[in-house]
Each structure stands twice: as C-alpha cells, then as structure tokens.
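Please look over the model shown here before reading the notes on it.

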Amino acid sequence: MAKFDVVVPCYNYGRFLTDCVRSVLDQSVADVRILIIDDASSDSSVEIARGLADRDSRVRVVAHASNKGHIATYNEGIDWANGDYFLLLSADDLLAPGALERAAKIMDSCPEVGLTFGECLVWRRDTPRPFVNFVQDLRWTKQDLVAEMCRTASDFVATATAIARTTVQKAVGGYRPSLPHSGDLEMWLRFGAHAEVAKIEAVQAIYRKHDSAMSNAYLAEMLAEYGQRKAAFDSFFETCRDRRPDISLLQRQVAHSLADQAFDTGISYIRQGRIESGLTLLRWAMSLDSRMRYLPPVWRLLRMPGPEGRQRLLSLMGKSKARRRKVLQKSAAIPVLRADRERQR
C-alpha cells in the first residue's frame, strides 16, 4: 500500500489550517503522514496545528522560532519526506476527495511517471465552498510538460494538485532560493526533464483565493512577473541542458511567447493610461524577441485609437522618424489589403 507524505507550510493561515488538514486526513488512502511547518506565524497557527496533532497521530508539527521564508520551508519539507509519494499543500488550499488515490493508481502502475497533476477549482472569498464529487472513472494522459510550458511560457500546474514520486523529488532537488516567485514553474520543468508527467482529468484540489494570498501583491506588477518567469526558464535551460536535444528550439519558443504576452500587457497598460509601465513592458518585450525590435506587431498597434494614437505610441517608444513612417504606412495599408482580398473572394 502506497505511503503519502504531505507537507503543509503555514504562515498566518491558522484560520484555514483545520480545513486543509482535514481534507488530507479524509482521503481514501490510509497511510498518510502530515507535517505542518509553521514559519513563525503571529496568529494562532501553532496552537491550531498542535491541537490537530493531539487529535490525530498522523499529524506532526514543526514551529520555526524565526521566519525562514517559504522557499526554505518548502525545502525542509522535501528533506523530511520519505514515503512513496509527496505533496506540498499550502495551508489555505484543500485536497479534493480521492486525489491521493487517483495519483497512486497511476504511479503504482507506471513507474516511469514521476509527477501527476490535475484540475484545480478556485474558491473565492465570500462564496460557498465548491462541491467536488469523488470521481470513480480515472482518466489521465501523459504530457510533455517541458515542451508545453516552453510553448506557452506559463505555469499551468496548480501546486496543490502536484503529487510527486518521492524518489524523483529527491533526485530533482529542492526549490531555488533565487526564484522566490517562480520556483514552482522551474520545479515542474525539472520534473518534466527527469520523468514522465501525467495529467489527471479530474479536480484534484481547491485553491482558495483571498485578500491575503501571497501572490496577490506580486502579480500586480506584471513586469516583475514576466521577469521571474524568464529567470525560471533560464535556470532550467542552464541546469537541464543535457536532458533535452531540442533545447535551442525551446529557448526560442519561450522568448517569443514571453515577449508576445508582455507586449500585449504593455498595450493594455497604455490603453488604461498607465503609460510608463506600458512602455517599459513594450521595451522589455522587444529586447527579448529580435523580431519585435525590427517591427512591433502592427495589428496590435492598430488597437490604439486612430493614427494620432499610433503616432504617439511609436514616438514614446523612441523610434526614429523613418521607422515610425514605415510602421504607420504598413498600418494604413492593412485595411486596403483586407478590402482587396474581400473583393477577390
């Protein structure tokens, strides 16, 4: 019978802790251990955690005397784990019924699979808790996680659903201290380079969205977010270069996709009146993707209101008069070319 180790990092999430731990203890697998690591919370987290441990011998508590930060806390949990399978579950998230059993069925039958993940529901503040049925019909597919993440330049693996084979987790290693905001993305890339990854076609967890969530303030500044994503990919390419023969292609895909997304966000910021932030994003996008340096995506520039708006945008971006004239000519020609094509049809 598979043994599960679940680490629950907690920092001032005492109000959520009981629900989180209960969602693990109520799983359909019997052999599970839970380690709550409190990172010097100032609320009642430690008292609640110790109460849970007193009521169930499967729960242990480690309380830090001083705050070590989430990366060090995560890595402490990875060092502690020694069961067959491992999960890092934030104290404000919940496991869906049957989540551990579904992951175990896949990895028990497929030794080459080192990581499973699935769908994650969002539970927003002041809304009823989502109801999730126990899924009897197990459906899953293998994923080339590295290729898909590089193509989209995004992290689509919800951490609360990421149940790993512990031996692979140990081989992959811990979280990078240099990546405090994109460590998950880089971690999943490493998993994808070391083992097969399975996507479960079922809700595996519930992510609680609330005002004090750690990522809220960070995601408000998208330039930092894009920069951290790029740093995660760069770290992966540097450390796992010998594990992918298509590394050069993957690097180009990441650069193009990140630049594409940043450019769109920059245009959106400018339209909202956040001119300086928008221009910073546009310049960053063009520095990342050489194609954008020579000709920014004209069809997106056409979203700006009228020729005057496009002229102002290009002027602010620091383009030369000749370049501005060339781009504006291309912009003006697009409606004509479209009309010609329509007539030809």
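The briefing below covers a helix, a cavity and a loop residue.

This is a predicted model, and the values that follow are computed from it.

**Helix α1**
- Helix α1 runs over residues 14-25, and its 12 residues should span 16 Å at 1.5 Å a residue, which agrees with the 17 Å that separates its end C-alpha atoms.
- The buried residues of this helix are Gly-14, Phe-16, Leu-17, Cys-20, Val-21, Ser-23, Val-24 and Leu-25.
- The elements that cover these buried residues include the strands β1 (4-10), β2 (32-38), β3 (59-63), β5 (94-95) and β9 (196-209), together with helix α2 (45-55).

**The largest cavity**
- The volume of the largest cavity is about 60 Å³.
- Strand β4, residues 85-88, gives the most to its lining, with 3 residues, and the lining includes Phe-86, Leu-87 and Leu-88.
- Also among the lining residues are Thr-159, Ala-162, Ala-164, Gln-169, Tyr-175 and Trp-188.

**Ser-178**
- Ser-178 lies in the loop between α6 (166-172) and α7 (183-194).
- Ser-178 counts as exposed because its relative accessible area is 56%, where the cut-off for exposed is over 50%.
- Although Ser-178 and Gln-228 are 50 residues apart along the chain, their C-alpha atoms are separated by 9.5 Å.

Notes
Residues are numbered from 1 along each chain as its sequence is written. This is a predicted model: local features need pLDDT of at least 70, side-chain atom pairs count only at pLDDT 80 or more; totals for chains, interfaces and linings use all residues. Side-chain values use heavy atoms; hydrogens and water are left out. Helices (H or I, at least four residues) and strands (E, at least two) are DSSP runs, numbered from the N terminus. The expected span of a helix is 1.5 Å times one less than its number of residues. Buried means under 20% relative accessible area, exposed over 50%, partly exposed in between (1.4 Å probe, protein chains only). Contact means heavy atoms within 4.5 Å. On a 1 Å grid over the protein atoms alone, a cavity is a set of points where a 1.4 Å probe fits but cannot get out, and a pocket is an open set with protein on both sides within 12 Å along at least five of seven lines; lining residues have an atom within 4 Å of a point. Grid points are joined across faces, edges and corners, and a volume is the space filled by probe spheres set on the points.
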